[in-house]
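This briefing is for a reader who is new to the structure. Please look at the sequence and the model first, then read the notes that follow.

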Amino acid sequence: MAHYEQLKTGVAYHGNRILRHVQDDMRDIVNHNMNLVVHMFTHNDWDRHKSVVKDMIAISEDYGLEVWIDNWGIGGPPGDKSHFLQYHPEAHQVWSDGTVNPVSSCYNSEAFVTFTKEWLETVREMGGKKIFWDEPHLAQKEGVFNCCCPTCKKLFLEKYGYEMPTVLTPEVEAFRAWSIANYFNRVTTYSKELGMENASCVMIHTLEQTNEMLKVENLTDWGIDPYWSPKKRGKDPYEYVYTQSVSAIANAKRVGKDNHIWIQGYDLPLGHEDDIILATDAAYDAGARNILYWSYRAGESNSYRSENCDRCWQVMGEACARIRSRHYDAVLEQKRREFMK
């Protein structure tokens, strides 16, 4: 066992289920100085690719990669659309104006909790060891919010003694935060009972509604994805990633949880490829020792791919090499001080 803090660098992998390409791609990930991969396991994968994803896990581990399994879209965005709501239409989230959210499952739905536990059992059967709960949130947009389904209204009434308002009062905000945390308390407890670990990443704009996630006992790894989004936000990659990472890491450490930081590797315009180096170093400077990229080859298999995927992927490998050298140079310096007296 290593007697020093290890560095983990990794990438999300999706868009391919052909095993001969998986073999090449996992080798490619290793050759880009990474030791962790996040695989999606969607509802469609469960129906059509279960044995393939099982082989993907084994292939990844054969290359020495730590594997996280992403709950990509099993209850709606982010990720692929879930088939679950076709079987349980009563489990839809409902907007505060009474309209149904067509793609998202209610965290307070007992059917959805049961479905998630069955999904976890399947992941464990495939050899999964760590679950990555991807960007939990309850959506809101101008004038409306989720979730105001009959189940949520009933629970709100029981907790507060009056009908749920159709505006975002402090009590409604607290209830939304509780709904998210309560669901994850239940499913991460079951995941742990199955022998698996649990990690989650939350979006910056949902930090307030997901702050109760930090209290989820069996969630042992908590992270954020401070994407600077040059096409939309135009944030300075170093400043934005560093500032957000310092705060997130401090919050995770305060409650005794590990932490991780995601770096944007998708939707980057030409000329912004080297932003990846600035952002990666920023996360490392902030104290992150588990740094991941969304996603493999700069999202080449998706509509949101970067404009120069080859160059972005090259830079991701270079960025990992940079912090790897920094990290182990520091480890060696400490070892030399200890043993070369």
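At 31% relative accessibility, Asn 33 counts as partly exposed, where buried means under 20% relative accessible area, exposed means over 50% and partly exposed lies in between (1.4 Å probe, protein chains only). Asn 33 sits in the loop between α1 and β2 (36-40), and its phi is near 65°, a positive value in a residue other than glycine.

This is a predicted model, in which local features need pLDDT of at least 70, side-chain atom pairs count only at pLDDT 80 or more, and totals for chains, interfaces and linings use all residues. Residues are numbered from 1 along each chain as its sequence is written, and side-chain values use heavy atoms, with hydrogens and water left out.

**Overall form**

- The protein chain has 10 helices and 12 strands; helices (H or I, at least four residues) and strands (E, at least two) are DSSP runs, numbered from the N terminus.
- A compact globule of 341 residues would have a radius of gyration near 20 Å, and the 21 Å of the protein chain agrees with this. The radius is taken over C-alpha atoms, and the globule rule is 2.2 Å times the number of residues to the power 0.38.
- The C-alpha trace of the protein chain spans about 70 × 45 × 40 Å along its principal axes.
- The C-alpha atoms of Arg 336 and Glu 193 are separated by 42 Å, and the two residues are 143 residues apart along the chain. Arg 336 belongs to helix α10 (residues 309-339) and is partly exposed, with a relative accessible area of 46%.

**Burial and contacts**

- Of the 341 residues of the protein chain, 55% are classed as buried.
- The accessible surface of the protein chain is about 15600 Å², and 48% of it belongs to carbon and sulfur atoms. Such areas come from the Shrake-Rupley method with a 1.4 Å probe; for residues, only the protein chains shown count as cover.
- Among contacts in the protein chain with a separation of 6 or more, 72% are between residues 24 or more positions apart; contact means heavy atoms within 4.5 Å.
- Thr 210, in the loop between β9 (197-202) and β10 (221-224), is buried at 0% relative accessibility. Apart from its neighbours within four places in sequence, Thr 210 is in contact with Pro 136, Ile 180 and Val 202.

**Charges and salt bridges**

- There are 38 positive and 48 negative side chains in the protein chain, and the centres of the two sets lie 3 Å apart. Lys and Arg count as positive and Asp and Glu as negative, while His and the chain ends are not counted; the place of a charge is NZ of Lys, CZ of Arg, CG of Asp or CD of Glu.
- The whole structure contains 19 salt bridges, each being a side-chain nitrogen of Lys or Arg within 4 Å of a carboxyl oxygen of Asp or Glu.
- Arg 17 and Asp 45 form a salt bridge, with their closest N and O atoms 2.9 Å apart. Arg 17 lies in the loop between β1 (8-13) and α1 (19-31) and Asp 45 in helix α2 (residues 43-48), so this pair ties together parts that are 28 residues apart in sequence. Arg 17 is buried at 18%, and Asp 45 is buried at 3%.
- Glu 110 and Arg 186 form a salt bridge, with their closest N and O atoms 2.8 Å apart. Glu 110 is in helix α5 (residues 110-125) and Arg 186 in helix α7 (residues 170-193), so this pair ties together parts that are 76 residues apart in sequence.
- Glu 173 and Arg 176 meet in a salt bridge of 3.7 Å, N to O. The two are 3 residues apart in helix α7, or about one helical turn; Glu 173 is partly exposed at 25%, whereas Arg 176 is buried at 2%.
- A network of salt bridges links Asp 281, Asp 285, Arg 322 and Arg 326.

**Backbone details**

- The peptide bond from Pro 77 to Pro 78 is cis, with omega near 0°; Pro 78 is in the loop between β3 (66-70) and α4 (84-87).
- Trp 294 and Ser 295 are joined by a cis peptide bond with omega about 5°, and Ser 295 is in the loop between β12 (290-294) and α10.
- Asp 267 is not a glycine, yet has a positive phi of about 55°. Asp 267 lies in the loop between β11 (258-264) and α9 (275-286) and is buried, at 15% relative accessibility.
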